[in-house]
Amino acid sequence: MPLLRDIFINLSENQLLNSAAQKYGLRLGAQSVVAGTNIPEVIKSMKELNAQGISCTVDNLGEFVYEKSEATKAKENILAVIEAIHENDVDAHISLKPSQLGLDIDYDFCYENLVEIVAKAAEYNMHVNFDMEDYARLQPSFDLLETISQEYNNVGTVIQAYFFNAKENIEKFKDYRLRIVKGAYKEPADVAYQDKHDIDLNFIELIEYHLLNGKFTSIATHDHNVINHVKQFAKEHDIPTDKFEFQMLYGFRKEMQLELAREGYNFCTYVPFGSDWYGYFMRRLAERPQNLNLVTKQVFTK
Ligand code: FDA
């Protein structure tokens, strides 16, 4: 359903709707996939997941940050999340988006914000993942990662399989902890595969490459075919289970998340929270229009 995908991606980029949504709490079914709007709520959700053998990566939601004051606020929120994880002894690390920390405002300002976060996380031996956004932000995000990793080793990033240059980048960053995904944004045909089949093939190739050659691999997908393939591949190549984990988003395929953890695989749930939930939620609808069920259920059970 490419048309529906485009509609939701366009909606996710609508700044007016984004700021309107922030004024109201979680709506439209977003509460099924966003773990609250504040730190105590997200800590509670993560503890519940930990109790079931699942670790977490937490994302303090935020996008369209064009003011330094907003980026500074985002940085302070993330620092507070790091403290809360430590104080509450939660099994969790941080996922963040460079644009939220000022990438679209000023590269050096963003760098300073990121270093402060990475340094604080390093004090608690906590990993920080730089989530990857659209193609325009790809290279600057890799540059930030490379510079920061000269001083800190608790950082990693994401490789998006839809990009033609994903193979080149996974080779370049093989010594980093990497999350591998299919890719969530709408990208032009001159930089990214458009066909789902091509993306899936590249996704598998990248995962296999990093499992065999790289540092820790996070396989982030809800696709059972890919998950089954990885399980088989790991067995055939004697890849120990402590070399990789599966990741899924909070609220999606909950039974499968638990099943993988019960089977003894490392499992990590990506836990988004915060008032800036709108863009994240629209991208989830774009990926899988069946997620609209979340919306309709919410509307009709009110
Ligand atoms: P996809 O949506 O291709 O689905 C494949 C098949 O799996 C479906 O046909 C269906 O059979 C089954 N399936 C999928 N979802 C299901 C469900 N909810 N219930 C039942 N069956 C289902 N992107 C990005 O660009 N930058 C990033 O930093 C990240 N980070 C990230 C972290 C984590 C933890 C995850 C899981 C994903 C991301 N993504 C991302 C998003 C990613 O790029 C991608 O858009 C989505 O994960 C959707 O692709 P999937 O691989 O999940 O399967």
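How many residues of the shell around the ligand are nonpolar, how many polar and how many charged?

Modeller: The shell divides into 10 nonpolar, five polar and six charged residues. In this count, Ala, Val, Leu, Ile, Met, Phe, Trp, Tyr, Cys and Pro are nonpolar, Asp, Glu, Lys and Arg are charged, and the others, Gly among them, are polar.

Some notes on the model come first. This is a predicted model, in which local features need pLDDT of at least 70 and side-chain atom pairs count only at pLDDT 80 or more, while totals for chains, interfaces and linings use all residues. Residues are numbered from 1 along each chain as its sequence is written. The mean pLDDT (the predictor's confidence in each residue, from 0 to 100) is 89 for the protein, and 85% of the residues score at least 70. For the complex, the predictor gives an ipTM of 0.99 and a pTM of 0.91. Residues 295–302 have a pLDDT under 50, and the model has five contacts for them beyond four places in sequence; a contact requires C-beta atoms, placed from the backbone, within 7 Å of each other.

Around the ligand there are 21 residues, of which V181, A184, A220, T221 and H222 come nearest; the criterion is a C-beta atom, placed from the backbone, within 6 Å of the molecule. Strand 4 (155–160) and strand 7 (244–249) each supply at least two residues of this shell, and strand 7 makes the largest contribution, with three residues. Strands (E, at least two residues) and helices (H or I, at least four) are DSSP runs numbered from the N terminus.

The unreviewed UniProt entry lists M132, Q160, K182, G183, A184, K196, T221 and H222 under "binding site". Its positions are given in the numbering used here, its feature names are shortened, and its annotations may be inferred rather than shown by experiment.

Q160 lies in strand 4 and is buried because it has 26 C-beta neighbours inside 10 Å. The cut-offs are 20 or more other C-beta atoms within 10 Å for buried, 12 or fewer for exposed, and partly exposed in between, with C-beta atoms placed from the backbone. Leaving aside residues up to four places away in sequence, Q160 touches M132, A166, V181 and G183. H222 belongs to the loop between strand 6 (217–220) and helix 9 (224–236); its 17 C-beta neighbours inside 10 Å make it partly exposed.

R253 is found in the loop between strand 7 and helix 10 (254–262) and is partly exposed, with 16 C-beta neighbours inside 10 Å. Its phi is positive, about 40°, although R253 is not a glycine. Most residues other than glycine have a negative phi.

Within strand 7 itself lies F246, which is buried, with 24 other C-beta atoms within 10 Å. Not counting residues up to four places away in sequence, F246 touches I219, I227, L260, Y265 and F267.

Methods
Contact = placed C-beta atoms within 7 Å.
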